[in-house]
Amino acid sequence: MYPEHPLRDEESISVIALVLNILWLALGGAVAALGWFVAAFFMAISIIGLPWARAAFDNGVYTLWPFGTRTIDRDLLYRGDIGTGPLGFLGNIIWFVLAGWWLALGHLVAAFFLGITIIGLPFAWAHVKLAGFALWPIGRTLASSDFRRRRAYY
């Protein structure tokens, strides 16, 4: 994350989001995020996977802390970013074909099984959000859930 990234503001997370994130981490979110970080590491050290390493790392951060966080276009924060133009679109097409669709499908299956239980509904919603990000991650970044409200004051 960049120094001016909105997720660096620790005061913006609610108590409910904090509790849900701790439960998420304890019930498997930490292991899933570790998988994303390992994948990002191997993408970064390989020449061919380098363009997708940041997307995998951002997926890991989102998987680590899904409550109180949402995705936004990087163009809203950083003008002229290479991942928000035609190269980002091409990268997303390649990501979608090779990995995105089955990663998103896995999140949706997990969301379905969590959603049939009452207590699993917040975690099902987190998997639906993760599915959307896993499907098309390049050119997007993470922001706090109240990013638009706080941005109006700047």
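Mentor: Let's go from the overall layout to the helices, a few residues and the pocket.

Mentor: Before that, some ground rules: this is a predicted model, where local features need pLDDT of at least 70 and side-chain atom pairs count only at pLDDT 80 or more, while totals for chains, interfaces and linings use all residues. Residues are numbered from 1 along each chain as its sequence is written, and side-chain values use heavy atoms, with hydrogens and water left out.

Trainee: Okay, how many helices and strands are in the protein?

Mentor: Five helices and two strands, where helices (H or I, at least four residues) and strands (E, at least two) are DSSP runs numbered from the N terminus. Starting at the N terminus, the order is α-α-β-α-α-β-α.

Trainee: And how much of the protein counts as buried?

Mentor: 40% of the 154 residues. Buried means under 20% relative accessible area, exposed is over 50%, and partly exposed is in between, with a 1.4 Å probe and protein chains only.

Trainee: What share of the contacts comes from residues 24 or more positions apart?

Mentor: Among contacts with a separation of 6 or more, those residues account for 75%. A contact means heavy atoms within 4.5 Å.

Trainee: Switching to α3. What does helix α3 span between its end C-alpha atoms?

Mentor: Helix α3 covers residues 86-115 and spans only 37 Å, whereas a straight helix of 30 residues would span 44 Å at 1.5 Å a residue. The expected span is 1.5 Å times one less than the number of residues.

Trainee: Where does α3 bend?

Mentor: At F96, by about 65°. That bend is the angle between axes fitted to the seven residues ending there and the seven starting there.

Trainee: Why does G100 count as buried?

Mentor: Because its relative accessibility is 0%. Leaving aside neighbours within four places in sequence, G100 is in contact with W95, A134 and L135. G100 and A131 are 31 residues apart in sequence, yet their C-alpha atoms are 8.6 Å apart.

Trainee: Now α4. Which residues of α4 are buried?

Mentor: Among them are F123, H127, K129, L130 and F133. What covers the buried residues of α4 includes α1, α2, β1, α3 and β2.

Trainee: What does F133 touch?

Mentor: Not counting residues up to four places away in sequence, F133 touches D58, N59, Y62, T71, R140 and L142. F133 counts as buried because its relative accessible area is 0%.

Trainee: And H127, what does that one touch?

Mentor: With residues up to four places away set aside, H127 touches W24, H107, A110, A111 and L114. H127 has 14% relative accessibility, so it counts as buried.

Trainee: Is G132 buried or partly exposed?

Mentor: G132 counts as partly exposed, because its relative accessibility is 32%.

Trainee: What about α2, what do its buried residues pack against?

Mentor: Against α1, β1 (69-73), α3, α4 and β2 (140-144). The buried residues of α2 include W52, D58, N59 and Y62.

Trainee: Last topic: how much space lies in the largest pocket?

Mentor: About 270 Å³. On a 1 Å grid over the protein atoms alone, a pocket is an open set of points where a 1.4 Å probe fits, with protein on both sides within 12 Å along at least five of seven lines; lining residues have an atom within 4 Å of a point. Grid points are joined across faces, edges and corners, and the volume is the space filled by probe spheres set on the points.

Trainee: Which residues lie nearest the centre of the largest pocket?

Mentor: P51, I82, G83, G88 and I138, out of 16 lining residues. The largest share of the lining, six residues, comes from α2.
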